[in-house]
Amino acid sequence: MNIDARGPRFGAVVTTAVLAVVLITGSAWLLAWQTLAFALGAVGGVGRSPYGLLFRHVVRPRIAPPTEFEAPEPPRFAQAVGFVFAVIGLLGYTAGPEWLGLAATGAALAAAFLNAAFGYCLGCEMYLLVRRVTVRAE
C-alpha cells in the first residue's frame, strides 16, 4: 500500500532540525533519540516512526487530502541508512573520536536537508539503484 508522500518529507524537516541541534550542541542524548527514530522508521516503516505518527495524527488531519503517493520501501530503506549514520555518529560522540560524530551527523543532516528542502530523498535513490543492480544480477 502506498503512503502519502508528504509524510516522509515532514519527517525529513523534523530530522533536519534535530540533527542541526545535535551538531550545534554536541548532544549525544539527542542523537540517541534520532537514532531510535531512524530505527523505528526502518523496522516499522516511516508511518510508525515518531515523526510519521506525529504527521498522521497532528499534521495530516489539518491539511488537504494527499494527491501524491509513493511506495513505502524506498523511504524505509532511507531510514535504515540514516540509522547507520546516526549509530556511527553516536559512537563518535560517546566513544570518540569526536570528528567521527560530527562527520556522520553532518552527512545525515545533509541527506535529511535535501529531502526537506528539495524533495530529493538520497536514501530512496540508493534503494532504487540497489534494486536495479540486484534485479540485473539475477
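Is Y127 buried or exposed at 19% relative accessibility? Y127 counts as buried, since 19% falls under the 20% limit for that class. The notes below place this residue among others of the structure, which is a predicted model.

1. Aromatic pairs. The structure holds four aromatic pairs. One of them joins W33 and Y51: the ring centres are 6.5 Å apart and the planes stand at 65°, so the pair is edge-to-face. W33 belongs to helix α2 (residues 28-44) and Y51 to helix α3 (residues 50-59).

2. Accessibility of W33 and Y51. The two partners fall into separate classes. W33 counts as partly exposed, at 36% relative accessibility. Y51 has a relative accessible area of 9% and is buried.

3. The pair of F77 and Y127. These two residues also form an aromatic pair, and its geometry is tilted. The distance is 5.7 Å centre to centre, with 55° between the planes. Here too distant parts of the chain are linked: F77 sits in helix α4 (residues 73-95) and Y127 in helix α6 (residues 122-137), 50 residues apart. F77 is partly exposed, with a relative accessible area of 27%, whereas Y127 is buried at 19%.

4. Packing of α1 and α5. Helix α1 (residues 6-25) packs with helix α5 (residues 98-118) at an angle of about 145°. The axes of these helices are 8 Å apart, and their crossing is left-handed. From α1, the residues that make the contact include P8, R9, A12, V13, T15 and L19. From α5, they include L102, T105, G106, L109, A112 and F113. Sorted by class, the contact has 15 nonpolar, five polar and one charged residues.

5. T15. This residue lies in helix α1 and is part of the contact with α5. At 6% relative accessibility, T15 is buried. A polar atom of the T15 side chain lies 2.8 Å from the backbone oxygen of G11. Setting aside residues up to four places away in sequence, T15 touches Q34, F38, Y51 and A112. Of these, Y51 is the ring paired with W33, and A112 is among the α5 residues of the helix contact.

6. A cis peptide bond. The bond that joins G96 and P97 is cis, with omega about -5°. P97 is located in the loop between α4 and α5.

7. S49. The loop between α2 and α3 contains S49. Although in a loop, S49 counts as buried, at 5% relative accessibility. Its contacts, leaving aside neighbours within four places in sequence, are A37, L40 and G41.

8. P65. Another loop residue, P65, lies between α3 and β2 (69-70). What is its class of accessibility at a relative accessible area of 64%? P65 is exposed, because 64% is over the 50% limit. From P65 to A103 there are 38 residues in sequence, and 38 Å in space from C-alpha to C-alpha.

9. A86. This residue lies in helix α4. Its relative accessible area is 2%, and A86 is buried. Beyond its neighbours within four places in sequence, A86 is in contact with L31, T35 and F38. F38 is also touched by T15, which lies in helix α1. A86 and R62 are 24 residues apart in sequence, and their C-alpha atoms are 31 Å apart in space.

10. Points to check in the viewer. The left-handed crossing of α1 and α5 can be located first. T15 can then be found in α1, with its contacts Q34, F38, Y51 and A112. From F38, the view can move to A86, a buried residue of helix α4. The tilted pair of F77 and Y127 can be followed from α4 to α6.

Note on methods:
Residues are numbered from 1 along each chain as its sequence is written. This is a predicted model: local features need pLDDT of at least 70, side-chain atom pairs count only at pLDDT 80 or more; totals for chains, interfaces and linings use all residues. Side-chain values use heavy atoms; hydrogens and water are left out. Rings of Phe, Tyr and Trp (its six-membered ring) pair if their centres lie within 6.5 Å; planes under 30 degrees apart count as stacked, over 60 as edge-to-face and the rest as tilted. Helices (H or I, at least four residues) and strands (E, at least two) are DSSP runs, numbered from the N terminus. Buried means under 20% relative accessible area, exposed over 50%, partly exposed in between (1.4 Å probe, protein chains only). Axes are lines fitted to C-alpha atoms, for helices over the stretch in contact, and angles run from 0 to 180 degrees between N-to-C directions. A crossing is left-handed if the near helix is turned anticlockwise from the far one by less than a right angle, and right-handed if clockwise. Contact means heavy atoms within 4.5 Å. Ala, Val, Leu, Ile, Met, Phe, Trp, Tyr, Cys and Pro count as nonpolar, Asp, Glu, Lys and Arg as charged, and the others, Gly among them, as polar. A polar contact is a pair of N or O atoms within 3.5 Å; within protein, one must be able to donate a hydrogen and the other to accept it, and residues adjacent in sequence count only if both atoms are side-chain atoms.
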